[in-house]
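Subject: Structure for your review

Dear colleague,

Please find the structure below, together with its sequence. My notes follow it.

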There are 2 protein chains.
Amino acid sequence: MSLAIMSPPETGRAAAPLAQMFAPTLASDEERLLDARVTLLLQRFLGSERVTSDVPFEALGDLLPGAGAPAAPALPGDYVARVIEPIVEHSINTASPRFIGHMTTALPYFVRPLSRLIAGLNQNPVKVETAKSVTPLEREALATLHRLVYDRADGFYREHAQARERTLGILTGGGTAANITALWIARNAALGPRGELGGVEREGLAAALADRGHRRAVILGSALMHYSMEKAADVLGLGISGLDRVEVDRRGRVRVERLRRALEEHRARGDLVLAVVGVAGATDTGSIDPLDELAALAGEAGVHFHVDAAWGGPLLFSRRHRGKLAGIERADTVTIDGHKQLYLPMGIGAVVMRAPDAARAIEKQAPYIIRRGSPDLGRRSLEGSRPAMALLLHAGLHLIGGDAYEALIDAGVARAGALAAAIRRRPAFELLCEPDANIVNYRYLPPALRGARARWSPADMEAVDAANLRLQEAQSRAGRSFVSRTTLAHTGRGGGAPVVSLRAVLANPLTTEAQLEEVLDEQEALARALEGGGGP
Amino acid sequence: MSLAIMSPPETGRAAAPLAQMFAPTLASDEERLLDARVTLLLQRFLGSERVTSDVPFEALGDLLPGAGAPAAPALPGDYVARVIEPIVEHSINTASPRFIGHMTTALPYFVRPLSRLIAGLNQNPVKVETAKSVTPLEREALATLHRLVYDRADGFYREHAQARERTLGILTGGGTAANITALWIARNAALGPRGELGGVEREGLAAALADRGHRRAVILGSALMHYSMEKAADVLGLGISGLDRVEVDRRGRVRVERLRRALEEHRARGDLVLAVVGVAGATDTGSIDPLDELAALAGEAGVHFHVDAAWGGPLLFSRRHRGKLAGIERADTVTIDGHKQLYLPMGIGAVVMRAPDAARAIEKQAPYIIRRGSPDLGRRSLEGSRPAMALLLHAGLHLIGGDAYEALIDAGVARAGALAAAIRRRPAFELLCEPDANIVNYRYLPPALRGARARWSPADMEAVDAANLRLQEAQSRAGRSFVSRTTLAHTGRGGGAPVVSLRAVLANPLTTEAQLEEVLDEQEALARALEGGGGP
């Protein structure tokens, strides 16, 4: 518990191990032992189908040593036993075939060794001087995502992929940074320099809007846009009220006519419309907006068209399902997450852009590193120093490959269909929404309320919501399997008011249909136990 | 080169390897072989003192397969040979004792196995449901950084470290996101809701400024602030002209009286001053602003005080050097990077905040995940899904520990002193700035211009700049060692105009004083060769 700054002078004691600790070899006893412990821990962790321990979250704080760096280093074996092992034991097995609640899933074998390589190389792609070869690798991986979306000819990629003044994509730590980056580009392009005024980048939002006679700037998109759009609207200075969330239909797709009307109304009020956002794989429902219609609308209006395909982008690998994303190739910017349906570990987002010059709107320099005209990737990015996750993105695209990505996507959508069918077969459940892709929204129905939804009183509706909330929490606490929950206002239930929905995400290639039935069995059993008055 | 979407139907072919690829075991042949290759690659990489190959950056694009995901997966062995091995061979050995040019350096052994663990566990700390035990671990690691800066009593940390409505720090992917987060908090707090108006978060920057009668909002700090501050000023809607860079003295410390005057002038013009920024370890020079004076100034003015201690924060571990940061404990927010002087790999930034409620100003929710009142860390953060880097941060604080961090810091500062002394002893070099910490700015002097600076003509000054630029590029290309360069306007050379400076960063514990002499020897030899007309 004691901080270094409270400890007596004993600098000498730490000196001996320091040289060993930083030794340029992997052959030290410490490293080999720790590596072996990690292997054992991961083996046990991945080998179990349990989602988590039965120790509740609230009790976990007590397991830890407390705030403060010890003066003397912990012995590695002790630290593993006291901290690492409990952390692993009480973490979430996001790779379990019974963890079907969030967008995190089983990963291919190569991400583990390559993550060690990335840490060992410790390249920093912000600049060539700290990541020489990683720079072209990152550019190539991003060009491949660009090609997946925009499918330009070979010559286009030969010309632009490695050209230092061109940017086909920006690698980020995740989808939120990618979405913010896309809308930052849109904002700066819409409010660029004009005559005497330097534009938003130089003069700020208030001056740039006033110069053009606008009261405010807005972004339009579906009610099901990810909450990173709120972060973007806030950070970029538009304010959350500058994010206009337009109603969706019963399958969760934005109503394009409403969006068109909203756009006209904003313009009539003098608002500057910065961007129209299409969603390709809503986080709540997996639903996909009519991107072609949105592209046409944005094109007519002369407005930046951004597609948030953080989840759904890899459907482009599937001949069967890529038609659902028709129009994405007309987007100005597209977000795709590596750590979602490219089956890579956390920390990999990307935004690709149709125009190789678009990212110039956010370019910055610094004398000690990012000089004008340099090939440094940090010139055009929200983030600065960051890990060489391009190695994992490139490896995923090559070691998994297009056919296997197609098979993964097709299997996920098929699995969602199977779960939806199982839900329809069971009177205890109600499907809330026909799945567009591989996310299924449904709910549990208490016995007295089955098959009689038309006659439910407001109290009945509340009871159903409460039952689903309790059920999801009980299942989560029990730790054998996991389904998440959300609230949905568009499914025609609840008369426009949001209803509680269970939410299953079917991306894990290890999940079998039998396990899906078992998850539903467990939910029924838990619900019965809760109805019986006792906890499970 | 072919994209999946161009390939003939052959989905079946990928089906067999898929199950193996995601098998919940580390015992597959593929994984063991790849892991062994990674070990060999890293062994060779870390074992060499060369900084990089002699293949120039411009030639590297040709080594890669080209944009596009292949339909069929690459054979792992082929992919390693064709892509991974060349990437490693032509990357930058940031751990080399002769790489003394940037803030990336040798790392302790445990980061390699633990990075594999992080990828294998694939927790997502955005929410408890995908990172149960990592949540309290991250909170504890951040509380430890808070303690390093603010040194509150045990009871403070017992009360707040794990309290879901309290935020002692936010873990980010790097210092840029940390700085943006800090200034986002400052902006939203200064322009909070008022009467009918929802404040900047809800109504946007233009409305919030107009409501208070301000033309614009500004941030004040040193001319040596990191360029992430430009990104922050742009992203947050202030515009780059809203970032007022105040002159520094000859040691690179902001002139507080000038900053005070600038603040008064901004206020007289009706600008809203959002924050005063102090720099603790400038990226260019390592210099440290007089934080106590800045804290007093910000306090009097009632303005948010942010300290960018991304580089210099860990000086707090050193009894000898922590006095240089006196006043940091009065900051509202402080940025500290894990991947700099906490000797951890890329991807670890943090902002800590004095007031446990401050981060409420940026709070967001989403129905499917981040619910109001939940313990989910994603409620208060710029980023969304992200890796569990808290494991590395916590491990660094415990496995290195306070004494060893102190020893590392003290050794780095001592090494900078040794390099400065060596530069002073050599007529071929000129020290440009007395180092505050462990960054040394100096330049090479062509023989005809030594010892005669007072008599230099403008052409002589240009010749010195050009010689240093050429020298730095030649050294970088040769790949045996690395020193970076920047331009500095404050050193009293160049009559206020920026001069080219060589820049050495002395953080690698493996670098010996003899190697520093060798780096200088190499620079003298390269300069002589360049003066001789031929390249080295």
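This is a predicted model: local features need pLDDT of at least 70, side-chain atom pairs count only at pLDDT 80 or more; totals for chains, interfaces and linings use all residues.

Interface between the chains

On the chain B side 186 residues are in contact with chain A, and on the chain A side the number is 185. The size of an interface is often expressed as the accessible area lost when the parts come together. Between chain B and chain A that buried area is about 15800 Å², and carbon and sulfur atoms give 64% of it.

The two chains share 74 residue pairs in polar contact, counting pairs with both residues at pLDDT 80 or more. Helix 13 of chain B (residues 390-425) supplies the largest share of the side that touches chain A, with 14 residues. Sorted by class, that side of chain B has 97 nonpolar, 54 polar and 35 charged residues.

There are 10 salt bridges between chain B and chain A.

Domains of chain A

The domain assignment divides chain A into domain 1 (1-8 + 28-92), domain 2 (174-372) and domain 3 (402-531). I looked at the pair formed by domains 1 and 3 of chain A. Their centres, taken over C-alpha atoms, are separated by 35 Å.

Contact between these domains involves 6 residues of domain 1 of chain A and 8 residues of domain 3 of chain A. The area buried between domain 1 and domain 3 of chain A is about 440 Å², with 45% from carbon and sulfur atoms. On the domain 1 side, A:Glu49, A:Arg50 and A:Val51 lose the most area to domain 3, together 71% of what that side buries.

Which polar links join domain 1 and domain 3 of chain A? The rule finds 4 residue pairs in polar contact across this interface, both residues at pLDDT 80 or more. By class, the domain 1 side that touches domain 3 of chain A has 1 nonpolar, 2 polar and 3 charged residues. Even so, the count of salt bridges across the interface of these two domains of chain A is 0.

Salt bridges overall

Over all chains, the whole structure has 84 salt bridges. Among them is the pair B:Glu518 and B:Arg98, at 2.7 Å from N to O. This pair links distant parts of the chain, 420 residues apart. B:Glu518 is in helix 15 (residues 513-531) of chain B, while B:Arg98 is in the loop between helix 3 (76-89) and helix 4 (111-121) of chain B.

Regards

Technical notes
Residues are numbered from 1 along each chain as its sequence is written. Chains are lettered from A and ligands numbered from 1 in the order in which they are written. Side-chain values use heavy atoms; hydrogens and water are left out. Contact means heavy atoms within 4.5 Å. Buried area is the accessible area (1.4 Å probe) that two parts lose on being put together, summed over both. A salt bridge is a side-chain nitrogen of Lys or Arg within 4 Å of a carboxyl oxygen of Asp or Glu. A polar contact is a pair of N or O atoms within 3.5 Å; within protein, one must be able to donate a hydrogen and the other to accept it, and residues adjacent in sequence count only if both atoms are side-chain atoms. Helices (H or I, at least four residues) and strands (E, at least two) are DSSP runs, numbered from the N terminus. Ala, Val, Leu, Ile, Met, Phe, Trp, Tyr, Cys and Pro count as nonpolar, Asp, Glu, Lys and Arg as charged, and the others, Gly among them, as polar. Domain bounds come from an automatic or database domain assignment.
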